[in-house]
Amino acid sequence: MIKNLKGLFAAAMFVITAGSAHAQCAMQNTAFQPGEFLAYNLYYNWKFVWVKAGTASLSTVKSTYHGQPAYRSSLITRGNDRTDNMFVLRDTLTSYCTLNMEPLYYRKGAREGKRYNVDQVHYSYNNGRVLTRTSRKHTDGHVDSASKAYTSCVYDMLNIFMRARSFKTDSWKSGHVVNFSIVDGNGLTPARIQYYGKYYIKGDNGKKYRCLRLSYLEKEKGKFKEIARFYVTDDSNHIPVRLDMYLRFGSAKAYITQMKGNRSPVKTY
């Protein structure tokens, strides 16, 4: 009897601690709902001139991952024929997370110029730890892979982008910083989001929105470097209206052209 009780107690503790890793990375989604679709025009800075270069879209649907209810978010960028002659850009990012926003899987297929890499991250949770299996497939076909365990939460770029939309920003002052760690096929990177106040931004749909300006930064060689700057609606949706991206070959901007399926009404000015 005592042996059986010990076994049951150990099993119960395993379930509790296994779930704690999930719990520590969970947060309530207050920003989006399944069926949301956002579309953008892309512009590149080419020799000091901004040219229309393609389109981008961000969509979220209700799905399952290994039988578990999940959100699936997809970010797709496509250059047009004009810019393909200068620089080929074909990026597809896919991220699965639980309904409580814990990351489950991430894939990024990136064709930038002659380079094509595929990053993947598989997440699992056990005994208070976050376990990741990462891989990066290079242009020449060889694959780098690794398995790591972390005692704190880690995220991929698309998951943290979706999570950030549910941040409570009412009390934020300019300069407010949120630190976290990003994992991809190349390993773990310290990163942060920094808030810089409110701005009015006009989309390519002819509408003007009051937005929060947020910067996404990653740590490189001991210093934080701005990777992207995004302007999100100053409401509970936090819909990205404009994104400024600093790429290897220069810079790009994305302006919203369409939003549908948003969770709450969006005010325009």
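**Figure 1. K221 in the loop between strand 11 and strand 12.** In this predicted model, K221 sits in the loop that links strand 11 (208–220) to strand 12. K221 is exposed, with a relative accessible area of 90%. That value places K221 in the exposed class because the cut-off is over 50%. The backbone of K221 has a positive phi of about 55°, although K221 is not a glycine. Most residues other than glycine have a negative phi.

**Figure 2. The hairpin of strand 6 and strand 7.** Strand 6 and strand 7 form a hairpin, with two residues between them. The two strands run antiparallel and are joined by nine bridges. Strand 7 covers residues 129–137. One of the bridges pairs Q120 with S135 in strand 7. N127 is found in the loop between the two strands. Like K221 in the previous view, N127 is not a glycine. N127 has a positive phi of about 55°. N127 is partly exposed, at a relative accessible area of 48%.

**Figure 3. Strand 5 beside strand 6.** Strand 6 (residues 115–126) also pairs with strand 5 (residues 103–112). The pairing is antiparallel and spans eight bridges. Within it, Y106 has V121 of strand 6 as its bridge partner.

**Figure 4. Y150 in strand 8.** Strand 8 covers residues 143–150 and includes Y150. Y150 is buried, with a relative accessible area of 15%. What does Y150 touch, not counting residues up to four places away in sequence? The contacts are G128, R129, V130, T132 and L188. T132 lies 18 residues from Y150 along the chain. The C-alpha atoms of Y150 and T132 are separated by 8.2 Å.

Figure 5. Helix 3 spans residues 157–164. Seven of its eight residues are buried, so helix 3 is largely enclosed by the rest of the structure. The buried residues are L158, N159, I160, F161, M162, R163 and A164. D156 caps the N-terminal end of helix 3. A side-chain oxygen of D156 lies 3.2 Å from the backbone nitrogen of L158.

Figure 6. Is H238 buried or exposed? H238 is buried, with a relative accessible area of 6%. The H238 side chain reaches the backbone oxygen of R165 at 2.6 Å. Leaving aside residues up to four places away in sequence, H238 touches A164, R165, S166, F167, T169, L212, V232 and T233. Of these, A164 is also one of the buried residues of helix 3.

**Figure 7. The largest pocket.** The largest pocket has a volume of about 1300 Å³. Its lining counts 46 residues, and the closest to its centre are K108, E112, M157, I227 and L247. Which strand gives the largest share of the lining? Strand 13 (residues 240–247) does, with five residues.

**Figure 8. The whole chain.** The chain holds three helices and 14 strands. Of its 269 residues, 45% count as buried. The chain exposes about 14000 Å², and carbon and sulfur atoms supply 52% of that area. Among contacts in the chain with a separation of 6 or more, 47% come from residues 24 or more positions apart.

Conventions: Residues numbered from 1 in each chain as written. Predicted model: local features only at pLDDT ≥ 70, side-chain atom pairs only at ≥ 80, totals over all residues. Heavy atoms only, no water. Buried < 20%, exposed > 50% of the residue type's maximum accessible area, 1.4 Å probe, protein only. Helix = DSSP H or I, 4+ residues; strand = E, 2+ residues; numbered from the N terminus. Polar contact = N/O pair within 3.5 Å; in protein donor to acceptor, adjacent residues only side chain to side chain. Contact = heavy atoms within 4.5 Å. Areas by Shrake-Rupley, 256 points an atom, 1.4 Å probe, with all protein chains shown as cover. Pairing = 2+ DSSP bridges. 1 Å grid on protein atoms, 1.4 Å probe; cavity = no way out; pocket = protein on both sides within 12 Å on 5 of 7 lines; lining within 4 Å. Points joined across faces, edges and corners; volume = space filled by probe spheres on them.
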